[in-house]
Amino acid sequence: MSRARAIYLVARREILERGRSRAFLISLVLTVVFLVAGIFLPKLLGGEDQAHKLGVVGTPPAGFEQALTATAGQAQLKVNVESVPDVATGEARLNEGTLDGMLVVPAEPGGSAEFVVKKRDNSAFAQVVGSAWSAASASQVLTDAGIDPATVAAASRPPTLRELEPSDANRDTAFLFANVGVIILFIAIFTFGTWVLTGVVEEKQSRVVEVVLSTVQARDLLVGKVLGIGLLGLVQLVIIIVFGLTIGTVSGRFSLPPTTGAAVAMLLLWFGIGYTFYSTALGVLGALASRMEEASNASSPVSILASLSYVFALLVAIQNPDGVAARIATFLPPVSPMIVPLRAALGAIEPWEVALAVVINLATIWLLLEFGGRVYSGAVLQTGGRMKLRDAWRAARR
Amino acid sequence: MLEIKDLSKRYGDVVALDGASFTARPGRIVGFLGPNGAGKTTTMRCIFGLATPDRGETLWHGQPIDRVTRLRFGYMPEQRGLYPRMRVGEQLSYFAQHHGMPAKEANAATSRWLARLGLADRERDKLEALSHGNQQRVQLGAALVHDPELLVLDEPFSGLDPIGIATMTEILRERAAAGVGVVFSSHQLDLVEDVCEDVVIIARGRIAANGPIDELRAASGRRHLEVEVEGAGASWLDGRGGATIVEQKGDFVRLLVPVDADLSGLLAAASAAGPVRRFAFQPPALSELFMEAVQS
């Protein structure tokens, strides 16, 4: 029997045993819940730019809606206009919250218009409606006075906006993707890395490892375990991403920028790399522990490293994705799995940087398997207390 | 044939094995005996590559034992352990496949062995749902399911009830009859005497005695003499023939005598003291051979 088949058997057992376990299903449901909350919570909390609803009583001057759209656009607001039969109805709807403002058009041209709100808390909206009204009614008066409507329109047109740094329509979505992407990546890497850790300790604690190792080489057992659990993680990640993008799009929360495919591919690639790195390290450290209670202690160096990387990604790199710190972190294996997809989602990384980071990470994983595989095989049969890294290394010396 | 050649292994300052050598022939049941810490488990771990000897080698049919050879061996470690939450049937099939059986064959062998072990109706239960004794049976199943050429069992009888012991004995005999090499360690010497043809006694990392039990007993320099003389107690003995009293119950005495003791003289002395009800000359029991080998 080949070593490849032994690895396959180990991986297959992990997939079958864990794939139908309650823990897997629960972690899947929980992650989806977090995801939905992450996408919709900002909207529910009201911090989002929704369309303002303006009710109009009476007939506004001809150019009003056009002027409103123009001024609202400049203030980056969206205003929907509907007509309301009378002031009483409008006030009732303001009170129940189905209108944000009501414009009462004077019966006579030149009369004084009235803008009614429930509470004066949105000055930008009031300004937009106010200036649109002033412009439209002035135009009306001028046009009625016989001045060429085209001249009036030209004169009342607001100045065009010119940006020195043009804003990208997809930038907000990219930012959201980068943010959510790093969170999902961290959770996924850590969840499934911990599975490898506990799996190793369980095998050691239940002593089954001695039976398994009478036919399977220690390193192959570790590789099979990492592989099997990793495939489960990948499946879960794909489900989550597809689910997240679908509800996000269908609900109109965001529209997919053309870079979506590349961003998702990047996320999956770096899950693969980051998970393999962290789960292998956790598995090796787990072998040093004899009981589950010692596992978290034994694995704390790696857990701390992962958490620091995550915090660095979310606090530093996301603010300044092409700064020096983020550029250096791109090539440091513990951090790069979170930095590279983040910088890529923000469009702030060069292809060569991605390629180099991949090469460095793969080389590191290879070293980790060489070094860690030996520590693992030296430690996994030792019982009775937590083992030191150096003793495990020596125990495996051939 | 299993050959252990000059195995030596140190763990730090502790010498676990110090040039141990012995052989075990297929079709024979070999009892591997020794006090705690004598090197039994380390020897077994060396056979399965779980410990690497500092010196010496292990051979199967004249070839060094490697990973591929080991696939044809069955192992039951002293520290029992299986996957607690895995179903019994899937578990045995998993181990059979690790020994190189294709999935289909492994499943068939699993059903066959579970039936043989009286666990046919537990195939779909998780291991942890089984009683301790039944978990032991599954553990034995894991060592047997792939029809190994060599069975190495570390303390297979420990923790078994009489019925479990009978089942285990029957299976070991049946496997040996089928030409399988069987090596097991045990501290239950009466059981070993009953089950084994050969024994290997290890002490302080070295082999102290080794061979068929009958030959070892015959080769011993000592014999047991059991004598019962009505109404005489042990008075007739009177320091005769280098005999020492091991046990005395009323008129019954059990003596330890040299193999060349003057039996006629002893019998004459006994007859002179009164009517002789019993006069039996026997080689020593395995437990005595063991003590002798271990203490020398």
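# A guided tour of chains A and B

Begin with chain A, which is divided into domain 1 (3-43 + 170-395) and domain 2 (52-156); such bounds come from an automatic or database domain assignment. This is a predicted model, in which local features need pLDDT of at least 70 and side-chain atom pairs count only at pLDDT 80 or more, whereas totals for chains, interfaces and linings use all residues. Residues are numbered from 1 along each chain as its sequence is written, and chains are lettered from A and ligands numbered from 1 in the order in which they are written. Colour the two domains of chain A separately: their centres, taken over C-alpha atoms, are separated by 55 Å.

**Strands of chain A**

Select residues 52-57 and 101-104 of chain A. These are strands β1(A) and β3(A), which run parallel and are joined by 4 bridges. Helices (H or I, at least four residues) and strands (E, at least two) are DSSP runs, numbered from the N terminus, and two strands pair if DSSP finds at least two bridges between them. In this pairing, A:V57 stands opposite A:V104 of β3(A).

**A helix pair in chain A**

Move to residues 260-288 and 292-317 of chain A, helices α10(A) and α11(A). The two pack at an angle of about 155 degrees, with their axes 7 Å apart. Axes are lines fitted to C-alpha atoms, for helices over the stretch in contact, and angles run from 0 to 180 degrees between N-to-C directions. α10(A) and α11(A) are therefore roughly antiparallel to each other (angles over 145 degrees count as such). Show the side chains of the contact: α10(A) contributes A:Y278, A:A281, A:L282, A:L285, A:G286 and A:L288, and α11(A) contributes A:A295, A:A298, A:S299, A:V302 and A:A306. Two residues are in contact if their C-beta atoms, placed from the backbone, lie within 7 Å. By class, the residues of this contact comprise 9 nonpolar, 2 polar and no charged (Ala, Val, Leu, Ile, Met, Phe, Trp, Tyr, Cys and Pro count as nonpolar, Asp, Glu, Lys and Arg as charged, and the others, Gly among them, as polar).

**Where the chains meet**

Next, display both chains. Their contact takes 17 residues from chain A and 22 from chain B. On the side of chain B, select α2 (67-70) and α3 (88-98), the elements that give two or more residues. α3(B) gives the most, with 4 residues. The side of chain B that touches chain A divides into 12 nonpolar, 7 polar and 3 charged residues.

**The sheet of chain B**

Within chain B, 4 strands form an open antiparallel sheet in the order β2-β1-β4-β5. β2 (14-24) and β5 (63-64) of chain B stand at the edges with a single partner strand each, so one side of each is left without a neighbour in the sheet. Select β1(B), residues 2-11, and β4(B), residues 55-60, which pair over 5 bridges in the antiparallel sense; B:S8 is partnered by B:R55 of β4(B).

**The domains of chain B**

Finally, colour chain B by domain 1 (2-216) and domain 2 (220-295). Their C-alpha centres lie 39 Å apart. The contact takes 12 residues from domain 1 of chain B and 7 residues from domain 2 of chain B. On the domain 1 side, α7 (189-195), β9 (198-203), β10 (206-212) and α8 (213-219) of chain B each supply at least two residues. That side of domain 1 of chain B has 11 nonpolar, no polar and 1 charged residues.

Technical notes
Parallel < 35°, antiparallel > 145°, perpendicular 65-115°, else oblique.
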